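Subject: Structure handover

Hi,

I am passing this structure on to you, and I hope you enjoy looking through it. Please have it open while you read.

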Amino acid sequence: MKNLSPIFIVWLAVLYVSCNNRKNQPSLEPQNSNLMEEYLEIERVEPANWWVGFKNTELQLLVKHPNITNAIPEINYAGISIIKVLKADSPNYLFIDLNIAKTTKAGKFNIVFKFGNGDKKLQTYQLKSRKKPAEDYIGFNSSDVIYLITPDRFSNGDPSNDINENLLEKTIDRTNNYARHGGDIKGITNHLDYIESMGFTAIWPTPVLTNDMPSGSYHGYAMTDFYEIDPRFGTMEEYLELASKAREKGLKLIMDQVANHCGLEHWWMKDLPFKNWVNYQENYEENIDAWDKKATITSNHRRTSNQDIYSSRIDREEMSDGWFVSGMPDLNQRNPFMAKYIIQNSIWWIETAGLGGIRQDTYPYSDKEFMSHWAGAIMEQYPNFSIVGEEWSYNPLIIGYWQKGANNRDGYKSNLKSPMDFAMQRQIVNGLNEWESWDTGLVKMYEGLANDFHYATPKDIMIFPDNHDMSRIFTQLKEDVANTKIALGYILTLPRIPQIYYGTEILMNDSANPGDHGLIRTDFPGGWVGDTINAFTGEGLNNAQKDMQGFVKQILNYRKNSKAIHYGKTIHFAPLMGTYLLFRVVEGETVAVIINKNDNPITIDLKRYDEMGLKDKTLKNIVTNETFVWGDGLTLNSKGISLLTTKTN
């Protein structure tokens, strides 16, 4: 071998060092995600991933890392371009606006953060392929019946996750109505057979995201991480398994989301990105060391200020900006970064879990212009999707205001498909509890339904006998089994989307202390090892409970295939002699709902209902399967409800 010149030796050394350095540096060439090394050097990037193929090609990344504002991000991936980099008030946040070209392919790439002192941090980010077209995300509708579940109180499928030492609330106590009881996602998955066999077609669990609050965390509404499943409920894999197995059984999964507030222990409350990230932030920061409900500027809860043409500025501000409670900071959706964060979070969960709907908590408390934008952004991307918003109002004018298609004089366009029908729920309870007279009793139900002329699409409104925030219907109806059957039968045949709270089918109640939230959310019997009563199998239920469970099951399973109930014409007749008749009609099927509040036998004149065209037709009782020929009269022997159908096969 010939001797090498000194210059050539130096050149080789430089080449060697250069090549070795490149092994540890991000490539300046477009990255091949199949070959690249992955990095997780940044504290937090949200959303954690995204997808190619959206109509909206924009994506905003929230980046959280010490002194990240001193860094300049770079991305070198075909189809991805950084449009803008925005610094927050805190030095520990960056917001990166990306454009994802329509031609961009799914894959992974590194975001390189170059600091002024020469340091570099790398974070691998992934763009996924979408699992199905946007049009195939089908939401709930009037053909569905939704089973509402409080996961902590339904079934404990995995006792090993009951306590997590990394979270603030570390105890399980089934004797304490306001403590965690151990129910979880696995518990719901384990009992999908029961839910499906009962005839439900969708499930709505109350929030399952991390709720790292020191107490009362079981209900889930004070979220401390919008992208993480609470480990006491399970894992992301278990949530996705629930979604998948539910779909296999024809059950849609509805996610309970909260745009209005977070929990006080949310990770960003320790380092808020902007001076206006939450409402009344200055008040919070001034009192942070002695924070309690006295220091909190809470909402005035005057929800009518959203529509009131005479409302004062202070009323509107206190309603929208005030905190729900001291432990729930009110998110400022007028901050454009917060607004984008919430919208992207909703879309992320729809894509990740293949959701069949979203239930949005405390709907009128958020900035109403933002809520229009939020719902519109989702429905534009997923035209067949469904969102239901909680507006706890007994005024049909208010309920109708929030529905898409409403002719609001102030020009407000909601984009919300489904508000909740608290007004009709109250009228049903009043109508059944009151004595019959000209203006009390069943006429309340009749006139309540007559308010449907005000709604843009009545069949898209959600109706319910009760829920997780109000007394059980059996308690509201003074533990009258017959009236409870009437309420459920009526609700399940109205032109609405019905929702039933877990346990309503077995007469669960809170009669010992009406209105007590912990008691309302009692454990479902049979959901825990050692339970002496098992409602999933029927073991230990009393006769009334078994009868009610069978009653609901018969109606729900008929309803699954009833076009008359799904979208048929509705005709009802003014109450007479303590009876009230309603009909759902479509070509080839008529469903007759006969409500009777008389304790003693009564014969009703069926000629009054001749316009329904049922004379001499054979109808079948949906619950008992008995047949009946519609003649001139019908004797009703006791108080109750009869559901009849012309579909006798």
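Below is what turned up, starting with helix packing and ending with a few backbone details.

One thing to keep in mind throughout is that this is a predicted model.

Helix H10 covers residues 422-433 and helix H11 covers residues 443-450; their axes come within 7 Å and cross at roughly 160°. An angle over 145 degrees counts as roughly antiparallel, and H10 and H11 are therefore roughly antiparallel to each other. The crossing in which H10 passes H11 is left-handed. On the H10 side, the contact is made by Met-424, Gln-427, Ile-428, Gly-431 and Leu-432, and H11 brings Lys-444, Met-445, Gly-448 and Leu-449. Sorted by class, the residues of this contact of H10 with H11 are five nonpolar, three polar and one charged.

H10 also packs against H13, at an angle of about 145° and with the axes 10 Å apart. Here H10 passes its partner H13 in a right-handed crossing. Met-424, Ile-428 and Leu-432 of H10 make this contact with Asn-483, Ile-486, Ala-487, Tyr-490 and Ile-491 of H13. The contact of H10 with H13 has seven nonpolar residues and one polar residue, with no charged ones. If you colour the model by contact, note that Met-424, Ile-428 and Leu-432 of H10 touch H13 and are also listed in the contact with H11.

H13 (residues 481-491) has a further partner in helix H15 (residues 543-559): the two axes come within 11 Å and cross at roughly 15°. Angles under 35 degrees count as roughly parallel, and H13 and H15 are therefore roughly parallel to each other. Their crossing is right-handed. From H13, the residues in the contact are Val-481, Thr-484, Lys-485, Leu-488 and Gly-489, and they meet Asp-547, Met-548, Phe-551, Val-552 and Ile-555 of H15. This contact of H13 with H15 divides into six nonpolar, two polar and two charged residues.

**Pocket and cavities**

The largest pocket has a volume of about 580 Å³. It is lined by 26 residues, of which His-219, Tyr-221, Phe-324, Met-328 and Asp-469 are the closest to the pocket centre. By class, the lining of the largest pocket has eleven nonpolar, ten polar and five charged residues.

Searching the whole structure gives four cavities of 30 Å³ or more. The largest cavity holds about 90 Å³ of space. Which elements each supply at least two residues of its lining? They are strand S11 (252-257) and helix H7 (336-353), and the largest share, four residues, comes from H7. The residues that line the largest cavity are Leu-209, Met-223, Phe-226, Asp-256, Gln-257, Val-258, Ala-259, Tyr-341, Ile-342, Asn-345, Ser-346 and Gln-360. In terms of class, seven residues of the largest cavity's lining are nonpolar, four are polar and one is charged.

**Backbone details**

- The peptide bond that runs from Glu-46 to Pro-47 is cis, and its omega is near 0°. Pro-47 sits in the loop between strand S1 (44-46) and strand S2 (50-51).
- Met-577 is not a glycine, yet its phi is positive, at about 55°. You will find Met-577 in the loop that lies between strand S17 (569-576) and strand S18 (579-586).
- Asn-625, a residue other than glycine, has a positive phi near 70°. The loop between strand S21 (618-621) and strand S22 (627-629) is where Asn-625 is placed.

Happy browsing, and do write back with any questions.

Best wishes

Key: Residues numbered from 1 in each chain as written. Predicted model: local features only at pLDDT ≥ 70, side-chain atom pairs only at ≥ 80, totals over all residues. Heavy atoms only, no water. Axes fitted to C-alpha atoms, helices over the stretch in contact; angles between N-to-C directions. Parallel < 35°, antiparallel > 145°, perpendicular 65-115°, else oblique. Left-handed = near helix turned anticlockwise from the far one by under 90°. Contact = heavy atoms within 4.5 Å. Nonpolar A, V, L, I, M, F, W, Y, C, P; charged D, E, K, R; others polar. 1 Å grid on protein atoms, 1.4 Å probe; cavity = no way out; pocket = protein on both sides within 12 Å on 5 of 7 lines; lining within 4 Å. Points joined across faces, edges and corners; volume = space filled by probe spheres on them.
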